[in-house]
Amino acid sequence: VDGAPLPLRITELMADNNLTVKDGRGQAEDWIEIHNPNNGPVNLGGYGLSDDPLLPMKWVFPATNLAGHAHLLVFASGQAESIDEGGYLHANFSLAADGESVQLTATDGVTVVDALLNYPAQRTDLAYGRTLAGAATFMEPTPGAWNLTTTYTGWLASLDFSHPRGFYTNAISLVISNPNPGATVWYALNGPTPATAYAGPLLLGSSVVVRAEVRQAGYKAPFIQTRSY
């Protein structure tokens with residue numbers, strides 16, 4: 001803009017990585033994605049990254065060239081070494097899955113380049129980041145790529161079952177509790193896909209496999225939960 005470079009952007013983060021992406025040691029660590037919106041490269045050496053706005057230079061980038069329009073992953077592993085055997089960057093802090101902040105600071109140690117402040121509680125393998133329009137939201141992860149993906153208002157918590165799986169000598173009345181206001185529970189008895197709306201306790205008097213799922217438009221649903229009785 002008017003000859004001045006555009007600021008770098010924190011475009012995506014994952015605070016509970018399990019299966020999405022691995023570092024050079026084969027470990028699934030938290031990660032933060034930085035995007036360079038400029039046509040030319042930017043040397044990140046001396047920039048600071050932190051999960052605490054009061055300590056902006058918690059981790060300082062080594063000399064790292066980020067090409068124009070490219071994305072860079074930094075694993076927030078809490079490890080002391082900045083670069084692993086696979087050449088991936090590692091910050092010396094990890095991300096809190098129950099929510100905190102991520103801030104990128106310029107080499108002067110003061111100027112905030114970009115930040116995702118007070119991000120909400122996260123769910124395993126669900127990313128939080130910015131759409132191409134700049135809105136911060138939950139999304140399907142796109143590490144190292146443009147955020148052209150499904151977005152969500154939030155995520156749904158798992159269901160609770162009144163009885164643990166197992167054998168019972170008498171019929172049981174199974175209650176499925178839904179902690180998500182506005183969401184609908186669906187279930188199936190000995191079927192592969194929950195397709196019946198749950199309306200109250202299920203009377204179970206013989207061997208049965210119960211599968212249940214909670215759904216709500218615009219929200220990421222957990223995996224189908226299965227119990228055998």
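Buried denotes under 20% relative accessible area, exposed over 50%, and partly exposed the range in between, with a 1.4 Å probe and protein chains only. Strands are DSSP runs (E, at least two residues), and helices are runs of H or I of at least four residues; both are numbered from the N terminus.

The model is predicted: local features need pLDDT of at least 70, side-chain atom pairs count only at pLDDT 80 or more, and totals for chains, interfaces and linings use all residues. Residues are numbered from 1 along each chain as its sequence is written, and side-chain values use heavy atoms, with hydrogens and water left out.

**Strand 2 and its partners**

Display the side chains of strand 2. Asp30, Ile32 and Ile34 point one way, while Trp31, Glu33 and His35 point the other way, and all are buried. Which residue of strand 2 is the bridge partner of Leu13? The partner is Ile32.

**The nonpolar cores**

Now select the largest nonpolar core, which has 30 residues; Leu8, Ile32, Ile34, Leu49, Phe61, Leu95 and Leu104 touch the most other members. Such a core is a set of buried Ala, Val, Leu, Ile, Met, Phe, Trp, Tyr and Cys residues joined through side-chain atoms within 4.5 Å. At least two residues of this core come from each of strand 1 (9–14), strand 2 (30–35), strand 7 (71–76), strand 8 (89–91), strand 9 (102–105) and strand 10 (112–116). Strand 7 gives the most to this core, with 3 residues. Apart from this core lies another, of 17 residues, among them Leu156, Phe161, Ile176 and Val214.

Centre the view on Leu95. Not counting residues up to four places away in sequence, Leu95 touches residues including Leu13, Ile32, Ala76, Val102 and Tyr119, where contact means heavy atoms within 4.5 Å.

Move to the open sheet of 4 strands, ordered 19-18-21-23, with antiparallel pairing. Which strands are its edges? They are strand 19 (196–197) and strand 23 (225–228), each of which pairs on one side only. Strand 18 (residues 184–189) and strand 19 are paired in the antiparallel sense over 2 bridges, and Tyr187 stands opposite Thr196 of strand 19.

**Loop residues**

Select Leu148, in the loop between strand 12 (136–139) and strand 13 (151–152). With 65% relative accessibility, Leu148 counts as exposed.

Finish in the loop between strand 10 and strand 11 (127–130), where Asn118 is placed; Asp125 is found in the loop between strand 10 and strand 11 as well. Phi of Asn118 is near 55 degrees, a positive value in a residue other than glycine. Phi of Asp125 is near 60 degrees, again a positive value in a residue other than glycine. Buried or exposed: how does Asn118 count? Asn118 is exposed, with a relative accessible area of 66%, whereas Asp125, at 18% relative accessibility, counts as buried.

Technical notes
Two strands pair if DSSP finds at least two bridges between them.
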